[in-house]
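Subject: Structure handover

Hello,

Please find the structure below. My notes on what was found in it come after.

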Amino acid sequence: MDEFMEKMSVNQLRKMIDHSEASSLSEYIREVNAVDIAQCAEELEDEEIWKLLSILSVQDIALILEQANEDLGMRIIDNIPMDDVIDVLSYMQKDDIVDLIGEMPIGKRKLLINKMRKGDRNIISRLLEYPEDSAGGIMTTAYIALRSDLLVSEGLNKIREIAPKTEVIETIYVVNARGQLIGTADLRHFLTSPKGTLISSFAKENVISVHPEMDQEEVAHLVSKYDLNAIPVVNKHNVILGIITVDDVIDVMIQEYNEDILELGGVSKEESLDTTLWESVRLRLPWLLINLATAFLASMTVKMFESTIAQVVALSSIMTIVTGMGGNSGSQTQSIMVRAIATEEIHFKKHFYSFNKEILLGIINGAVNGLVTGIAVWIIYHNFYLAVIVFIAMIGNLIVGGIFGFAVPVLLKKLGADPAVASSIFLTTATDVLGFFIFLSLAKLFLPLLV
């Protein structure tokens, strides 16, 4: 086994499958990391997947399924008889089961749920009712909750009984006789307190909790803000329904980050390298058409100054520098704003200093870039006034970039739109249209000194 203790490779996995090394694979899965096997298995052919599953125990398959992506999860399920699937699922956490079943065709999903034990069936069915990107959709029902009127000795017995089936044992949730969440207790309190002590005597009140309808991104923000290893989910009566563990929160953060990156580029989160041609056309074309419409606005602005450009041809080669720098500057501000909005609520009144700072940044950065560009223009075209126009226009457009880079994400958020999706379109429109207008208006004003 020593030769496999480092991170598993696809070739190593294939070799172990070919030699039916069930015990070595099981040891790796349980002692090292099942996620390595899951990642390597993504590269296997269906026949190799089937052979891998045939030499693993249901417990090992469950561990791999908990780490598998959607595609691999479906491939694994398709290679297991339905009765064996039920056995595999019995070793998995409920939230992982819901993620897996949620991707199945409705007919197969119903068949599988109907074969489950009544208790599991009720839990899974309830969890499936919540949107997958909500607190209820990512919570697990595997947690430890104890009555506040129990003694420490009684609590320890309950913990020993429940702990093997839970994800988190460091935090014990304390409830009253009606199942309402009233506090939390650390496992160390149970291990260090006298056995005759009431749990209520050391339970911490003021528990941070969420409702099942809360968006997963807001949940991730709370867990990060308060440095929690898990957060309870309660209903309107404050009865605990489940918990969301930090590993699920990390998955949410990665998912939301990836979505924001894609949406900043005008690409849907639904698209991947495996998306069909026509599906990619459907997802991308609308945004390209919107960009095309905004490009016409910039073009019409330039058209207004055709006679000026005709008299000073150099303007046509310089004006794109001014608009491009405004767009780059605005994108910097926009990126900071989108990230800030993702982690906290942004208001103009509360962040007025930050808004003013972006304007000052536009002036300073615009002056420096305008000076460098102006000197270059002076050297190339030997016209001092053209250099002055570039200098002033650069400052003006970087101020525009700062204002719109700050304001557009905030306004879109207020209107209920996703700032990551549409901000770049409005920002580019503003810096292009106003950039051309500022530069060409100055050129028209200075026209007698340029020709």
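Predicted model: local features only at pLDDT ≥ 70, side-chain atom pairs only at ≥ 80, totals over all residues.

Staying with β2, 5 of its 5 residues are buried, so the strand is largely enclosed by the rest of the structure. β2 belongs to an open sheet of 3 strands, in the order β1-β2-β3, with mixed pairing. β1 (145–147) and β3 are the edge strands; each has a single partner strand, so one side of each is left without a neighbour in the sheet. From one strand to the next, the twist averages 35°.

As background, the strands of a sheet pair through backbone hydrogen bonds, and the pairing is either parallel or antiparallel. Both kinds are found here. β1 and β2 pair in the parallel sense over 3 bridges, while β2 (residues 171–175) and β3 pair in the antiparallel sense over 5 bridges. V175 is the bridge partner of R147, and Y173 has T184 in β3 as its bridge partner.

Apart from neighbours within four places in sequence, D186 is in contact with E170 and K204.

The helices

Helix α3 (residues 34–41) has 6 of its 8 residues buried, so α3 is largely enclosed by the rest of the structure. The buried residues in α3 are A34, D36, I37, A38, C40 and A41. Which helices cover them? The cover includes α1 (10–18), α2 (22–31), α4 (46–55), α5 (58–67) and α6 (70–78).

Helix α5 has buried residues of its own: D60, I61, A62, I64 and L65. These pack against α2, α3, α4, α6, α7 (82–89) and α8 (94–101).

A nonpolar patch on the surface

L277, W278, V281, L285, L288, L289, L292 and F296 form a nonpolar patch on the surface. Together these residues have about 870 Å² of accessible area. One of them, W278, is found in helix α16 (residues 277–303). W278 has a relative accessible area of 69%, and the cut-off for exposed is over 50%, so W278 counts as exposed.

Two residues with positive phi

S20 has a phi near 50°, which is a positive value in a residue other than glycine. S20 lies in the loop between α1 and α2, and is partly exposed, with a relative accessible area of 40%.

N238 also has a positive phi, near 70°, and is likewise a residue other than glycine. Where is N238 found? N238 is in the loop between β4 (230–234) and β5 (240–245). Its relative accessible area is 29%, and N238 is partly exposed.

Regards

Technical notes. Residues numbered from 1 in each chain as written. Heavy atoms only, no water. Contact = heavy atoms within 4.5 Å. Pairing = 2+ DSSP bridges. Helix = DSSP H or I, 4+ residues; strand = E, 2+ residues; numbered from the N terminus. Axes fitted to C-alpha atoms, helices over the stretch in contact; angles between N-to-C directions. Patch = residues over 30% accessible without salt bridge, like charges linked within 9 Å, V, L, I, M, F, W, Y side chains within 5 Å. Areas by Shrake-Rupley, 256 points an atom, 1.4 Å probe, with all protein chains shown as cover. Salt bridge = Lys/Arg side-chain N within 4 Å of Asp/Glu carboxyl O. Buried < 20%, exposed > 50% of the residue type's maximum accessible area, 1.4 Å probe, protein only.
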